[in-house]
Amino acid sequence: MNSTSTIDLILFGGEPNDDGPDYDGLNAPEREAIAEATVTGVRAAVWIRTLAERQDEEDHRRSLGRYARAVERILSREIVLDRDGRLEGELLYELDPAAFTLERPDAGPMDLRPAERVALAAIGAATASAPSTVLGDLAADLPRICRLIDHALAVGKRWTAR
C-alpha cells in the first residue's frame with residue numbers, strides 16, 4: 001500500500017524533473033504559511049475537480065481540470081523566494097475566468113451554478129495573487145489569501161451540495 005499523499009508529492013518534488021522549490025531561507029512562520037497554502041490548494045483543486053466530473057462536454061471537463069491543476073500548483077509550488085512576485089505565463093492563463101464564464105459557440109454552457117462561478121473566480125483571483133506575498137510579509141499575507149480561498153470554497157461547496 002502506498003502511503004504517499006498528494007501533499008507529499010507536491011511538497012517534496014513529486015513532479016517529473018522537479019526538485020521542488022528551495023525553502024531554505026524561510027523561517028518557521030513562513031514555512032507554516034506555505035504548508036497551509038499547499039493544503040488550501042489541494043482542497044480547492046479537489047472541489048474544482050468535482051465540478052469537472054459533472055460536465056457533459058469533454059472540453060469543459062478538461063478546462064476545469066486545468067484550472068484545478070493551476071490552483072494546486074500555484075499554491076503549492078509557485079510561492080518561491082527568488083520570484084519577483086508576479087505570476088506569468090501558462091499558469092496565469094489557466095486561471096482566466098473566461099473558461100467557465102463565457103459560452104463558446106461550438107459547445108454548450110458549463111453546468112455551473114452562479115455561486116459556483118463566483119467561487120471559482122474568487123479562488124482563481126486569490127490564487128493568482130499568492131506568489132506576490134513574497135514581496136511583503138509572507139507569514140501574515142499568505143494565510144489571509146488562504147482564508148479568502150477557503151471562504152470562496154465554502155460558498156461554492158454550499159451550492160454544489162444542493
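1. **How to read the model.** This is a predicted model, in which local features need pLDDT of at least 70 and side-chain atom pairs count only at pLDDT 80 or more, while totals for chains, interfaces and linings use all residues. Residues are numbered from 1 along each chain as its sequence is written, and side-chain values use heavy atoms, with hydrogens and water left out.

2. **The overall fold.** The chain has seven helices and zero strands; helices (H or I, at least four residues) and strands (E, at least two) are DSSP runs, numbered from the N terminus. Of its 162 residues, 41% count as buried, where buried means under 20% relative accessible area, exposed over 50%, and partly exposed in between (1.4 Å probe, protein chains only). Take the contacts (heavy atoms within 4.5 Å) between residues at least 6 apart in sequence: 76% of them join residues at least 24 apart.

3. **Glu72.** You will find Glu72 in helix 3 (residues 58-77). With a relative accessible area of 5%, Glu72 is buried. Its side chain is joined to that of Arg69 by a polar contact of 3.2 Å; such a contact is a pair of N or O atoms within 3.5 Å, and within protein one must be able to donate a hydrogen and the other to accept it, with residues adjacent in sequence counting only if both atoms are side-chain atoms.

4. **Arg49, a partner of Glu72.** Arg49 lies in helix 2 (residues 28-53) and counts as partly exposed, at 29% relative accessibility. A polar contact of 3.0 Å links the side chains of Arg49 and Glu72. Not counting residues up to four places away in sequence, Arg49 touches Ala68, Arg69 and Glu72.

5. **Helices 6 and 7.** The axes of helix 6 (residues 114-129) and helix 7 (residues 138-160) come within 8 Å and cross at roughly 165°; axes are lines fitted to C-alpha atoms, for helices over the stretch in contact, and angles run from 0 to 180 degrees between N-to-C directions. The two helices are therefore roughly antiparallel to each other, the term for angles over 145 degrees. Among the residues making the contact are Ala115, Ala119 and Ile123 of helix 6 and Ile145, Leu148 and Trp159 of helix 7. The contact residues divide into eleven nonpolar, four polar and one charged, where Ala, Val, Leu, Ile, Met, Phe, Trp, Tyr, Cys and Pro count as nonpolar, Asp, Glu, Lys and Arg as charged, and the others, Gly among them, as polar.

Notes. Angles under 35 degrees count as roughly parallel, over 145 as roughly antiparallel, 65 to 115 as roughly perpendicular and the rest as oblique.
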